[in-house]
Amino acid sequence: MKKIFCFTLALAVCLAGFFSANADAKKKNEPEKILYIPHDNRPIVNEQTISIIERAGYKVISPPDYLLGNRENLGNPDMLWGWLEKNATKDIKAAVISGDSMLYGSLVGSRKHHYGRQLIMERAELFKEFRNRHKKLPIYVFSSIMRTPRSGLASGYEEPDYYRNYGTNIFRYTELTDKKETDGLTARETKELAFLKRLIPERALNDWMDRRSKNFDANKKLTDMAKTKVFDFLIIGRDDNAPFSQTHMESRHLKRYAASVDRNKLQNIAGIDEVGLLLLTRAVNFGKKNNPSVYVRYNSGRAGFTVPTYSDETIDESINAELSIVGARRINEPGRADFILAVNTNQNGMTYEGGTHSNDGKEREGTKYFLGLVRSDLQAGRRVVLADIAFANGADNALMERLKNQKLLTKLQAYSGWNTARLCNRLRSVDAKNESG
């Protein structure tokens, strides 16, 4: 549906960490219940996310598909509020809720809706009422900062129609306005910015920026609620973005606004489709008081300093944020870690599209080295999860072929490639593994 950097192995490592945490509930045959409202009905954020948590022994209560938005149907927030209240029963152990669904109907709805500012704020206020009626229920909410696709094609036609014709210009316009605010512009860039403002139809730019303004104000309101403990935790996720973009600018301003909010109550992170799973994982780990330890091992080269496509921060920053969110600890001693997170990056710190000729299955610089790291950790009896992020929208074919040939794939605790549609999680219960020998 859309290209996205989905760093799911940081999630998978912690999910693997709690696979045995719900053993008591399994024995009693009474799985604990978690209420979950995703930001649309795509399998990656809905059925597949739910299945991972349910494999850990929980029952996830989620709205039927017809209440969730998609590309064509933007969703119905008012019906979702009714569903939420009806299903927030006393036996629910935690609630993980998409703010985009409750305010706009869905993630795509946040980009294309025509709701007024007052109505959006009134819907946001309903979170306070929900908290007052469920004072002891852990409430985890996630919201998005609207994305800034580089072009109409890159948007997957999930923006208003004018983005098809002017998306590239709108992206460049916001890239320059963001840079102007932080680094300043050259004389040539100043002229380019003025030219773009004349080139983009005023009506289109005003419509796009007005919707963003409503989203920004809504996120400020949600931030206030995190500060006043309406939520137990809030994630504000940055959808597809770049180091200079409107998304990056708004994120920077929201971080400044939230400076006084405890990091254990709110985080502003790169990504969006993975945050529901992050918060479900947090709900499980905090509910069971799990605190798995993780050692992060990179391929050689730029490694953790890699800034992936569709992101505005280094991969190491993303890993640290996501491990913190789910309640995991990053440690510096691989021999003492519960899990090894092996991160496959390119030597030069660049990420490429999975369908390009460079992903032809031939060994590249770093392939043998990284494979050796994974093999050594497995031979040492360590639990290894692998984040394969060298290519966007696909796996590293050279690495996958050699993992398969050396019969190492099935020895991993988890594997994940990069993208929404091609996400692949290979998660196994540690208990099941031990029982089978």
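This is a predicted model: local features need pLDDT of at least 70, side-chain atom pairs count only at pLDDT 80 or more; totals for chains, interfaces and linings use all residues.
**Notebook: pocket, sheets and helices**

Residues are numbered from 1 along each chain as its sequence is written, and side-chain values use heavy atoms, with hydrogens and water left out.

**Entry 1: the pocket**

I noted that a pocket, on a 1 Å grid over the protein atoms alone, is an open set of points where a 1.4 Å probe fits, with protein on both sides within 12 Å along at least five of seven lines; lining residues have an atom within 4 Å of a point. I found 13 lining residues, of which Lys-255, Arg-263, Leu-266, Gln-267 and Asn-268 lie nearest the centre of the largest pocket. By class, I recorded six nonpolar, two polar and five charged residues in this lining. Here Ala, Val, Leu, Ile, Met, Phe, Trp, Tyr, Cys and Pro count as nonpolar, Asp, Glu, Lys and Arg as charged, and the others, Gly among them, as polar. Strand E6 gives the largest share of the lining, four residues; E6 and helix H13 (315-326) each supply at least two.

**Entry 2: the six-stranded sheet**

I took helices (H or I, at least four residues) and strands (E, at least two) as DSSP runs, numbered from the N terminus. Two strands pair if DSSP finds at least two bridges between them. I read the order of an open sheet of six strands, paired in parallel, as E2-E1-E3-E4-E5-E6. Strands E2 (59-61) and E6 (266-270) stand at the edges with a single partner strand each, so one side of each has no neighbour in the sheet. Three bridges join E1 (residues 33-37) to E2 in the parallel sense, and I saw that Ile-34 has Val-60 in E2 as its bridge partner.

**Entry 3: the five-stranded sheet**

I found a further open sheet of five strands, with parallel pairing, in the order E8-E7-E9-E11-E13. Its edge strands, E8 (329-330) and E13 (414-416), each pair on one side only. Strands E7 (residues 293-298) and E9 (residues 339-344) run parallel and are joined by five bridges; Tyr-295 stands opposite Ile-340 in E9.

**Entry 4: Pro-334**

I located Pro-334 in the loop between E8 and E9. Its C-alpha lies 8.2 Å from that of Val-296, although the two are 38 residues apart in sequence.

**Entry 5: helix H10**

I checked helix H10 (residues 202-227), whose 26 residues reach 37 Å from first C-alpha to last, close to the 38 Å expected at 1.5 Å a residue. The expected span is 1.5 Å times one less than the number of residues. Just after H10, I noted a positive phi of about 70° at Lys-229.
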